[in-house]
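Please have a look at it first.

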Amino acid sequence: RRRALGCVSFGARFLRPATQLSTNCSSIVCQVTFRTTTGTPVKMVLISVLNDALRSIYNAEKRGKRQVLIRPSSKVIVKFLTVMMKHGYINEFEIVDDHRAGKIVVHLNGRLNKCGVISPRFDVPVKNIEKWVNNLLPSRQFGFVVLTTSSGIMDHEEARRKHTGGKVLGFFY
């Protein structure tokens, strides 16, 4: 019965739409606020900004798009995109300042096969970088693992050259 009414399971509680969809929806945009069974509203929050950005890039690349809009912007996303651009997996990106959280327009070139975030950000000592590369990337000469170190955000090859470890952010190939 709960599934038939359009309820969503959220942990141990069931959520129901605050209003009927037919009265709150237009043909273009539909916004549904969820309330618990006791009637208190639930805010939906964005957990990982980097994960959302890389997912948007990956989906746009799969659809064959030439550019994608990412919002909100963050310093970590900008550094991650800089590493991707340095290795030629994306063309360039533009940061749009809208006096809010910011937006980024990424121009794609069709070279990206997969990108993703590793959560939680595991500690990676220098001696274990090779293990992470083997687990995440499809082959030895293909793709990069992105680490955040005390020297900044960089790929695994640069971290190995600088002989520094850090935390793993994500990967792309």
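Let me begin with burial: a residue is called buried when its relative accessible area is under 20%, exposed when that is over 50%, and partly exposed in between, using a 1.4 Å probe and protein chains only. The model is a predicted one, in which local features need pLDDT of at least 70 and side-chain atom pairs count only at pLDDT 80 or more, while totals for chains, interfaces and linings use all residues. Residues are numbered from 1 along each chain as its sequence is written, and side-chain values use heavy atoms, leaving out hydrogens and water.

A salt bridge here is a side-chain nitrogen of Lys or Arg within 4 Å of a carboxyl oxygen of Asp or Glu, and by this rule there are 6 of them. In one, lysine 167 pairs with aspartate 123, with the closest N and O atoms 2.7 Å apart. Lysine 167 belongs to strand S12 and aspartate 123 to strand S9, so the pair ties together parts 44 residues apart in sequence; strands are DSSP runs of E with at least two residues, helices runs of H or I with at least four, numbered from the N terminus. Aspartate 123 is exposed at 55% relative accessible area, whereas lysine 167, at 35%, is partly exposed.

Turning to helix H5, lysine 162 and glutamate 158 both lie there, 4 residues apart, about one turn of the helix, and their side chains form a salt bridge at 3.4 Å, N to O. Glutamate 158 is buried at 17% relative accessibility, and lysine 162 is partly exposed at 45%. Both belong to a network of salt bridges that also links Lys86 and Asp155.
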